[in-house]
Amino acid sequence: MQLKSLKNRENELANAKRQLEILSNGIFQNEELPTFRSKLKTQNKFPLQPKPLEILQINIGYMCNQVCAHCHVDAGPDRKEIMTRETMLQCLEVIKQTGVHTLDLTGGAPEMNPHFRWFVEQATKVGVNDIIVRSNLTIITANKKYHDLPEFFKTHNVHVISSMPHWTEDKTDKQRGDGVFNASIKALKMLNEVGYGIPNSKLKLDLVYNPSGAFLPGDQAALETDFKKALSEKFDVHFHNLFSITNLPISRFLDYLIASENYEDYMYSLVEAFNPAAVDNVMCTNTLSVSWDGWLYDCDFNQMLELKVDSSVQHIRDFNKDTLNKRTICISQHCYGCTAGAGSSCQGTIT
Amino acid sequence: MSNTYYEPSDLRKFGNITEWNEELGKKFFDYYNSIFEEGALSAREKSLIALAVSHVVKCPYCIDAYTQDGLKRGITKEEMMEAVHAGAAIESGATLVHSVQMMNKYKKLSM
């Protein structure tokens, strides 16, 4: 398993333009498969436009203690992009103005941003209903200074959402790194101990399931049942909901698909599973993604592809809800990942 | 035409069989899809049965399809291999049980 980011290795797939080229060439260029744009057109769903903004997803840095094989952020210990307090203040101002109900903090490992705790504390004061922290779990056990995170989350009623690709050690470690499974179980137990994920507890702990390979996720409810049974019986670990998320063909997952000669089959699977009903609820219609340096994107994936919002307002400091709501959402073939089967978003399935 | 009898990408074209006989093709796929819904057996159990049978009938398309289906359902490799052994046991048992006939014939023809 690689321990460095694509960027650090100077891999061509660290280049967003190159990724977009790959996604537009080959089977899409020779019209073996329809582009996402033409697929939307046949469904009378083009162009894709936003509904009222509900969720602000803020990527507060690409630094992470893990180097997951499928990471669309290309995060890792060698990534130095970190949001400053100044940009965080601009985000808080926007939350106050817009009345978004959910603040979704992601990374990298968001907890590694030195201003993380300050930011969460400030966010609780500006009136969002739900503050999500996408925690990779192992950060809690990685260093003594993070051991009290469960207590910190509890104090601020943070909604914890964590990744877990399987309830078995080998599959989890192959995707997320050696030792990740056992560290994750330990962290889940620490969260359970302070009340997270216990049935009827108000301290929400949800898990995210990403397939650990070149296949689409199965039925979310069936997977949740299997995860709950296995984690509870084998480890006495509890959580609330399982969100199943499709891996989008960008960054490290795209690199994996190409290297393992699965790219074409995977794109066929995504296109064949296209579900028009999912298009109506894709997350880019009610979410805005903010990068560590304050730029605005339709989603976290577009952020990694450097596709800034198609609007005269492109930075959090210039935020204007009405202007942004008139924009057209930027799309490419990776978008098929969010419309396959039951659909996929950072909140799981969407149909 | 390909130079091999089996072309992995042909699996994607399975649905095209309805083009040459729409009525029967449609009946088959309706039946097929109904079989794999939740029933007295779970869809997960039926996926494992399908995987075992795929090996017994030695259909490479089916093996590709039901390995992928199993992965989607979170079925582990240990479960998959046990299912294949269950199929293999029946197949080898079917061979070996015929050896009773061999033994019978041997005895009948021997002094």
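What covers the buried residues of helix α11 of chain A? The cover includes two other helices of chain A, α10 (251–259) and α15 (336–339). Welcome to this predicted model, in which chain A holds 15 helices and eight strands and also makes a contact with chain B. The points below start with chain A as a whole, then visit its sheet and some of its helices, and end where the two chains touch.

**Chain A as a whole**

- Along its principal axes, the C-alpha atoms of chain A fill a box of roughly 55 × 45 × 40 Å.
- The radius of gyration of chain A is 19 Å, which agrees with the value near 20 Å that a compact globule of 351 residues would have.
- Of those 351 residues, 51% count as buried.
- Take the contacts in chain A between residues at least 6 apart in sequence: 74% of them join residues at least 24 apart.

**The sheet of chain A**

- Eight strands of chain A form an open sheet with mixed pairing, and their order across the sheet is β6-β5-β4-β3-β2-β1-β7-β8.
- At the edges of this sheet lie β6 (242–244) and β8 (296–297) of chain A, each of which pairs on one side only.
- On the β6 side, strand β5 (residues 205–209) of chain A runs parallel to β6(A), and three bridges join the two.
- One pair of bridge partners there is A:Leu207 and A:Leu242, the latter in β6(A).

**Strand β7 and its two neighbours**

- The pairing of β7(A) with β8(A) is antiparallel and has two bridges.
- A:Val290 takes part here too, with A:Leu296 in β8(A) as its bridge partner.
- Five residues lie between β7(A) and β8(A), which form a hairpin; in its turn, A:Gly294 has a positive phi of about 90°.
- In a regular strand, side chains alternate between the two faces of the sheet.

**Helix α11 and the residue A:Cys338**

- Helix α11 (residues 263–272) of chain A has as its buried residues A:Tyr263, A:Tyr266, A:Met267, A:Ser269, A:Leu270 and A:Val271.
- Helix α15 of chain A, one of the elements covering these residues, contains A:Cys338.
- Is A:Cys338 buried or exposed? A:Cys338 counts as buried because it has 26 C-beta neighbours inside 10 Å, where 20 or more are needed.
- Not counting residues up to four places away in sequence, A:Cys338 touches A:Ala278, A:Val282, A:Met283, A:Gly343, A:Ser344 and A:Ser345.
- A:Cys338 and A:Val279 are 59 residues apart in sequence, with a C-alpha to C-alpha separation of 7.9 Å.

**Helices α7 and α8 of chain A**

- The axes of helix α7 (residues 169–176) and helix α8 (residues 180–193) of chain A come within 8 Å and cross at roughly 105°.
- That angle makes α7(A) roughly perpendicular to α8(A).
- From α7(A), the contact uses A:Glu169, A:Thr172, A:Asp173 and A:Arg176, while α8(A) brings A:Val180, A:Phe181, A:Asn182 and A:Ser184.
- Sorted by class, the residues of this contact are two nonpolar, three polar and three charged.

**Where chain B meets chain A**

- The contact between the chains takes 11 residues from chain A and eight residues from chain B.
- Helix α3 (residues 60–72) of chain B gives three residues, the largest share of the side of chain B that touches chain A.
- That side of chain B consists of one nonpolar, three polar and four charged residues.
- B:Arg73 sits in the loop between α3 and α4 (77–97) of chain B.
- Why does B:Arg73 count as buried? It has 20 C-beta neighbours inside 10 Å, and the cut-off is 20 or more.
- Leaving aside neighbours within four places in sequence, B:Arg73 is in contact with A:Gly218 and A:Ala222 of chain A and with B:Arg44 and B:Ser47 of chain B.
- B:Ser47 is 26 residues from B:Arg73 along the chain, and their C-alpha atoms are separated by 8.8 Å.

Key. Residues are numbered from 1 along each chain as its sequence is written. Chains are lettered from A and ligands numbered from 1 in the order in which they are written. This is a predicted model: local features need pLDDT of at least 70, side-chain atom pairs count only at pLDDT 80 or more; totals for chains, interfaces and linings use all residues. Two strands pair if DSSP finds at least two bridges between them. Helices (H or I, at least four residues) and strands (E, at least two) are DSSP runs, numbered from the N terminus. Two residues are in contact if their C-beta atoms, placed from the backbone, lie within 7 Å. Ala, Val, Leu, Ile, Met, Phe, Trp, Tyr, Cys and Pro count as nonpolar, Asp, Glu, Lys and Arg as charged, and the others, Gly among them, as polar. Axes are lines fitted to C-alpha atoms, for helices over the stretch in contact, and angles run from 0 to 180 degrees between N-to-C directions. Angles under 35 degrees count as roughly parallel, over 145 as roughly antiparallel, 65 to 115 as roughly perpendicular and the rest as oblique. The radius of gyration is taken over C-alpha atoms; the globule rule is 2.2 Å times the number of residues to the power 0.38. A residue is buried if 20 or more other C-beta atoms lie within 10 Å of its own, exposed if 12 or fewer, and partly exposed in between; C-beta atoms are placed from the backbone.
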